[in-house]
Amino acid sequence: TRHVEISKKNTYYFQIFSGFVMPNNAHIPLENNVAEYDNGYSVGAVAGIDFGNWRMSMELSHRSYDNSESGKGHAELNNLMMNGGWEIGFWDSNVFYLGVGLGPSLVKIQRPPGYWSYNKNLLAYQLGTGLGHRFTESLSVRFGYKYFSTASTSDFDPHGSHALEAV
């Protein structure tokens, strides 16, 4: 296996991403009910520093999905994550990457009138992996999978989701 240099050490980078989110069902203890959310989307931006095979970054992202038909409302998660990642190059301009992130998430659940709504800051984490291709030293594309989850509270189970994202 031939490993290639991914990038010069200590270079800064900026990324914009979007994805398709498949949220987990969440138990609502106050109502002894389950929120079964429809698929949604994610968007975000990342700025960081590339140390060669290792990366550190800050991510600001938004996830949104709803289930208004069954009265469970609309869920939004706004996140500020500190991420760390590792990548290895293969076949000249391609990379395989793994990443983890941790940070606060503002969880907002907006419900129809007559139902409780929810607005809380929770700790969140994410795990990601995927493949990328570097066209030039400053232009690349990545496709990956990301698992995201918040901590649980007495009002609501964790907000977990699976996402397929393009960077």
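Lys and Arg count here as positive and Asp and Glu as negative, while His and the chain ends are left out of the count. On that basis the chain carries 12 positive and 15 negative side chains, and the centres of these two sets are 7 Å apart. The model is a predicted one.

**Overall fold**

The chain contains 10 strands and zero helices. Read along the sequence, its pattern is β-β-β-β-β-β-β-β-β-β. The C-alpha trace spans about 60 × 25 × 25 Å along its principal axes. Of the 167 residues in the chain, 44% are buried. Among contacts with a separation of 6 or more, 60% are between residues 24 or more positions apart. The accessible surface amounts to about 8,900 Å², and carbon and sulfur atoms account for 61% of this area.

**The largest pocket**

The largest pocket holds about 290 Å³ of space. Its lining consists of 16 residues, and those nearest the centre of the pocket are Tyr-13, Phe-14, Arg-134, Ser-138 and Ser-140. Strand S1 (11-23) and strand S9 (139-150) each contribute at least two residues to this lining. The most comes from S1, which gives five residues.

**Met-58**

Met-58 sits in strand S5, which covers residues 54-67. Beyond its neighbours within four places in sequence, Met-58 is in contact with Ala-45, Val-46 and Ala-47, and also with Leu-80, Met-81 and Met-82. Met-58 has a relative accessible area of 38%. Buried means under 20% and exposed means over 50%, so Met-58 is classed as partly exposed.

**The loop between S6 and S7**

Trp-91 lies in the loop that joins strand S6 (73-90) to strand S7 (94-110). Asp-92 is placed in the loop between S6 and S7 as well. Trp-91 has a positive phi although it is not a glycine, and Asp-92 likewise has a positive phi without being a glycine. Trp-91 counts as exposed because its relative accessible area is 69%. Asp-92 counts as exposed because its relative accessibility is 52%.

| Residue | Phi | Relative accessible area |
|---|---|---|
| Trp-91 | about 50° | 69% |
| Asp-92 | about 70° | 52% |

Technical notes
Residues are numbered from 1 along each chain as its sequence is written. This is a predicted model: local features need pLDDT of at least 70, side-chain atom pairs count only at pLDDT 80 or more; totals for chains, interfaces and linings use all residues. Side-chain values use heavy atoms; hydrogens and water are left out. Helices (H or I, at least four residues) and strands (E, at least two) are DSSP runs, numbered from the N terminus. Buried means under 20% relative accessible area, exposed over 50%, partly exposed in between (1.4 Å probe, protein chains only). Contact means heavy atoms within 4.5 Å. Accessible areas come from the Shrake-Rupley method with a 1.4 Å probe; for residues, only the protein chains shown count as cover. The place of a charge is taken as NZ of Lys, CZ of Arg, CG of Asp or CD of Glu. On a 1 Å grid over the protein atoms alone, a cavity is a set of points where a 1.4 Å probe fits but cannot get out, and a pocket is an open set with protein on both sides within 12 Å along at least five of seven lines; lining residues have an atom within 4 Å of a point. Grid points are joined across faces, edges and corners, and a volume is the space filled by probe spheres set on the points.
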